[in-house]
Amino acid sequence: DMRAPNKYLPEMISYFILHALDKSDADRDSVSKLITELKSEGIITAQSFMEGFSTVIEQMSELEAEVPLVKSYVARFAAQGVSGTIISLAELSEPMESGAHYPLFLLCLQQLNKLQDKEWIGRSFNDSKIDLQSMLPECDRNKDRMMEILEDRGLSFLFPLLRVQNDLWKQFRVDPSPTNIYRWVKENVDCKLYTNPAFITILINNIARHVTSETTLAEGVDPSVMPDKLLQEKEKEQLDKYRGILQRFLNDKVALQVVTIYSLQVFCHSHAFPKGMLLRMFVYLYEQEVIEEEVFLRWKEEVNDEYPGKGKALFQVNQWLTWLETAEEESDEED
């Protein structure tokens, strides 16, 4: 009713929050409800909330002496702001980028986890396109450390496939038998992720890593030289063991088969294209009926900068692809 000028609204928000910090949980929740109503009535905007909120977080260090749990209380205000659609996660993250006010953003996610279910949070987080590594201190900006931090804070559900990536390789090191690997995937990976390109990339990368580490990329083997026939046969036998798993996840799924080829491209690129490896992999997967002919040819023509090494990869397999294309044309003519 007062129709306060917009320029005073951020100061009003910061006043509400600051004066509620040393009150009870019920009082702080009441303030959050008031702010949510102000937003729903169109009195404040996401911008005015974030300006006021930013003023509060700049004062947190000074307030900690009087209110020891100030970060948790401020995080709850933020989480209620996101939950009440006052602001988005992306907007909330802006003043905390590059590890500023760490670990406040993680505290906000933890508080949000108390207000909403994991599916809602996961969807909001994915929509926000936030690079969570950039929210950490510089010394912690790597996937392994980030996963440790998320595990400690009960937030690893935000990156289910990152956990799969780490844990699946541990399984290969403990027991690489196809039976064990398949059982572990069925028991530990949500079936909704089976058609996720990132999951297929992780699966292919781990299989390729295991097979080659036991054969053509084993210690003492020079990857710049074509492996001898015995080693190539061993590589083929090792890969053949996982044919059942690959067919289970890739049969009749052309898009995922394309991802498989790109995954092998990147794997070989990351190892400086070991002599003849990509061609051998292509032939294996073709002969084992894991990848369909049309998929290889589709990959050949497709332009996708997301996966590095395409030019060199094509050079390695171009002659074989030409043969495959000719064989397919002859087959069509016979039909």
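User: Is Trp 323 buried, partly exposed or exposed?

Analyst: Buried means under 20% relative accessible area, exposed over 50%, and partly exposed in between (1.4 Å probe, protein chains only). Trp 323 has a relative accessible area of 44%, so the residue is partly exposed. This is a predicted model, in which local features need pLDDT of at least 70 and side-chain atom pairs count only at pLDDT 80 or more, while totals for chains, interfaces and linings use all residues. Residues are numbered from 1 along each chain as its sequence is written, and side-chain values use heavy atoms, with hydrogens and water left out.

User: Which residues does the ring cluster with Trp 323 link?

Analyst: Rings of Phe, Tyr and Trp (its six-membered ring) pair if their centres lie within 6.5 Å; planes under 30 degrees apart count as stacked, over 60 as edge-to-face and the rest as tilted. Ring pairs join Trp 323 with Phe 282, Tyr 286, Phe 296, Trp 299 and Trp 320 in a cluster.

User: How many aromatic pairs are there by this rule, and what is the geometry of Phe 282 and Phe 296?

Analyst: The count is 17 aromatic pairs. Phe 282 and Phe 296 form a tilted one, 5.2 Å centre to centre with 50° between the planes. Phe 282 is buried at 0% relative accessible area, and Phe 296 is also buried at 0%.

User: Why is the pair of Tyr 286 and Trp 320 edge-to-face?

Analyst: The ring centres of Tyr 286 and Trp 320 are 5.6 Å apart and the planes stand at 80°, so the pair is edge-to-face. Trp 320 is buried, with a relative accessible area of 13%.
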